[in-house]
Amino acid sequence: MSESPRQPHADPLAWVSGSDAPEKPTLDIGFMALTDAASLIVAATQGFAQPYGLTLSLHRQHSWSGLRDRLIEGQLDAAQCLYGQMFATELGVGAQSVGMAVLMGLSQNGQGITLSARLRAAGVTTPEALREHVRREGARLTLAQTFPTGTHALWLNYWLASHDIHPLQDVRTLVIPPAQMVEHLQAGRIDGFCAGEPWGALAVAEGAGFTLATTQSIWPDHPEKVLGCTHAFVERYPNTARALVMAVLEASRFIDANAENRQGTARLIASPEYVGAPLSAIEPRFLGRYEDGLGHAWLDAHPLRFFGEGQVNPPYHSDALWFMTQLRRWGLLREDPDYLAVAAHVQQSALYAEAAGALGILLPGSYYRRATLGDGSVWDGSDPAGYARGFRLHALADAPL
Amino acid sequence: MLRILLIDDTPKKLGRLRSALVEAGFEVIGESGLDIDLPDRVEALRPDVVLIDTDSPGRDVMEQVVLVSRDQPRPIVMFTDDDNPAAMRQAIKAGVSAYIVEGIQAQRLKPILDVAMARFESDQALRAQLQARDQQLAERKRIEMAKGMLMKMKGCNEEEAYTLMRRQAMSRQQKLVQVAEQIIAMNDLLGQ
């Protein structure tokens with residue numbers, strides 16, 4: 001642990017030349033074209049890393065698989081990652097098992113489930129109507145998500161199941177790259193999708209669909225993207241990893257500081273180099289302003305956020321456990337992992353505490369947080385194995401349906 | 001003979017790869033252009049090998065194919081050569097990823113990967129990375145210099161100067177260092 005809070009701005013070069021200096025000064029950082037990559041983009045381009053002796057080189061990726069492979073092969077040092085995917089990689093679901101590390105949370109909230117304009121025209125605009133519709137003969141719907149073990153797959157599954165629709169039996173689900181969602185929805189090849197922004201907002205703007213549910217309605221202030229790297233990277237470059245967390249924390253604090261910074265950030269990330277979507281599709285939801293394409297408009301109480309006075313970023317162990325329970329629930333994990341040990345291995349809470357502490361950012365009293373989900377259920381990280389088995393709808397091969 | 005499916009969903013043209021593989025005596029059974037059709041194509045054609053650009057958005061669709069096929073008689077897995085990790089790294093660098101029916105041996109796949117790697121454009125990322133390393137120190141000094149000029153010009157403190165520079169940079173979709181250069185140039189012009 002560090003002994004005292006550091007003041008990097010007072011003398012940045014002291015930090016750079018000290019014994020805590022980053023072992024690796026230039027980092028290759030991967031991100032996807034999504035609005036929740038904002039804190040990495042701001043950290044890399046707006047001078048937040050230099051005071052810590054780091055230069056961040058951004059590399060836009062075109063798939064979560066490619067991003068993962070480049071992390072593993074060392075072509076990327078760290079990247080924006082899907083929470084669920086980190087644990088699928090750690091536990092070898094669908095690929096070789098590689099030790100991974102969650103350095104910090106990057107964002108909460110801000111994903112959504114979109115349905116087609118065709119369903120809207122048919123009056124399928126509520127969960128109840130959707131349930132009726134999928135039960136009708138010959139009405140098998142196709143819903144897309146972005147990665148089989150990613151957050152969007154798990155939000156979609158959770159939401160459908162909480163409305164008594166079995167995601168693996170009552171509908172067909174498939175994976176589509178997020179940037180292609182609106183086009184496929186428009187062309188009638190899919191009936192809906194769950195993805196990050198700006199793709200849901202773009203579907204509404206182009207009249208291709210409507211927002212059926214935001215993910216913050218599933219779980220207010222849910223964990224979403226994380227800053228991830230391999231476990232080997234943290235072991236080899238601990239000072240670099242800590243400096244990186246500090247830089248991204250400062251960028252996150254900057255974005256959430258006021259509306260002006262948020263607007264500036266929205267404009268920056270709209271660039272073709274980063275998200276590459278119209279500012280008009282990015283900015284409103286980035287500022288919490290929602291329109292669902294059904295005539296409702298609201299200022300969301302739990303919009304996409306990057307800092308939230310430090311509540312967004314701790315690598316909570318209970319968040320890690322939740323994603324593992326859902327991978328288990330849907331049969332992606334064939335057996336119970338050693339939940340607590342895996343969470344302790346992946347979540348870099350000690351390193352986070354050093355970085356946040358040095359910046360005077362409030363640390364959580366516990367890395368287990370208690371959450372009440374939209375369906376009224378409570379998750380506090382206790383008994384993950386029992387929680388994974390406690391759902392009426394599931395795909396556990398070894399449990400009665 | 002191994003039956004190959006090519007996935008052609010990126011601007012890098014795979015057109016010549018097909019003929020190169022055929023000329024080298026391999027059997028190319030199809031191409032797929034639309035990511036959404038990939039699972040059906042794999043199901044219908046039953047290839048032994050699927051070749052795809054490492055940076056293709058369709059990679060994530062293949063991830064689903066891998067998971068769905070886990071319990072089928074011919075499971076499809078991402079090719080990773082445990083005996084020769086360097087070869088794998090080279091393939092990713094060249095931009096080729098391969099998915100194979102589980103059990104196919106690495107030496108049977110190697111000649112196919114060799115043809116594919118030769119046909120893919122070489123990776124430019126490494127060059128950009130080397131450039132960034134040289135710029136790093138210069139960038140920090142230029143930002144500091146511009147910040148000092150701005151503090152003097154506006155009579156503001158360090159944090160306010162940073163905020164002003166960042167607002168300007170973000171509204172123009174530029175890096176902070178670019179705005180720093182503009183401030184330095186303006187300062188020179190005004191002869192301060």
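User: How do I read the strand order of the open sheet in chain A that includes β10?

Analyst: Start with the general idea: strands of a sheet pair through backbone hydrogen bonds, either parallel or antiparallel. In this predicted model, chain A has an open sheet of five strands, ordered β2-β1-β3-β10-β4, and the pairing is mixed.

User: Which strands of that sheet stand at the edges?

Analyst: Those are β2 and β4 (100–105) of chain A. Each has a single partner strand, so one side of each has no neighbour in the sheet.

User: How do β4(A) and β10 (residues 225–230) of chain A run, parallel or antiparallel?

Analyst: They run antiparallel, joined by five bridges.

User: Where is A:G53 found, and why does it count as buried?

Analyst: A:G53 is in the loop between α2 (38–45) and β2 (55–60) of chain A. Burial here is a neighbour count, with 20 or more other C-beta atoms within 10 Å as the cut-off. A:G53 has 25 other C-beta atoms within 10 Å, so it is buried. If you want a sense of distance across the chain, A:G53 and A:E183 are 130 residues apart in sequence and 43 Å apart in space, C-alpha to C-alpha.

User: What kind of unit do β6(A), α7 (residues 151–162) of chain A and β7(A) make?

Analyst: A right-handed β-α-β unit. Its strands, β6 (residues 142–145) and β7 (residues 172–175) of chain A, run parallel and are joined by four bridges. A:Q145 stands opposite A:V175 in β7(A). Strand β6(A) is also joined by two bridges to β8 (residues 192–196) of chain A, again running parallel. There, A:A144 stands opposite A:F193 in β8(A).

User: Zooming out, how many helices and strands does chain A have?

Analyst: Chain A comes to 18 helices and 14 strands. Its radius of gyration is 21 Å, close to the 21 Å that the globule rule gives for 401 residues, so chain A is as compact as a globular protein of that length. Along the principal axes, its C-alpha atoms fill a box of roughly 70 × 45 × 35 Å. Of the 401 residues, 59% count as buried. Counting contacts with a separation of 6 or more, residues 24 or more positions apart account for 79% in chain A.

User: Over in chain B, what is the strand order of the five-strand open sheet?

Analyst: The order is β2-β1-β3-β5-β4, with mixed pairing. The edges are β2 (27–32) and β4 (76–78) of chain B: each has a single partner strand, so one side of each is left without a neighbour in the sheet. Neighbouring strands of this sheet are turned by 25 degrees against each other on average, direction ignored. Strand β1 (residues 3–7) of chain B pairs with β2(B) in the parallel sense over five bridges, and B:L6 stands opposite B:E31 in β2(B).

User: How many residues does each chain bring to the contact?

Analyst: As general background, the size of an interface is often given as the accessible area lost when the parts come together. Here you can go by residues: 35 come from chain B and 38 from chain A. On the chain B side, α3 (59–68), α4 (85–94), α6 (125–154) and α7 (158–171) each supply at least two residues. The largest share of that side, eight residues, comes from α6(B). By class, the side of chain B that touches chain A has 14 nonpolar, eight polar and 13 charged residues.

Technical notes
Residues are numbered from 1 along each chain as its sequence is written. Chains are lettered from A and ligands numbered from 1 in the order in which they are written. This is a predicted model: local features need pLDDT of at least 70, side-chain atom pairs count only at pLDDT 80 or more; totals for chains, interfaces and linings use all residues. A residue is buried if 20 or more other C-beta atoms lie within 10 Å of its own, exposed if 12 or fewer, and partly exposed in between; C-beta atoms are placed from the backbone. Two residues are in contact if their C-beta atoms, placed from the backbone, lie within 7 Å. Ala, Val, Leu, Ile, Met, Phe, Trp, Tyr, Cys and Pro count as nonpolar, Asp, Glu, Lys and Arg as charged, and the others, Gly among them, as polar. The radius of gyration is taken over C-alpha atoms; the globule rule is 2.2 Å times the number of residues to the power 0.38. Two strands pair if DSSP finds at least two bridges between them. A crossover is right-handed if, with the strands pointing away from the viewer, the path from the first strand over the helix to the second runs clockwise. Axes are lines fitted to C-alpha atoms, for helices over the stretch in contact, and angles run from 0 to 180 degrees between N-to-C directions.
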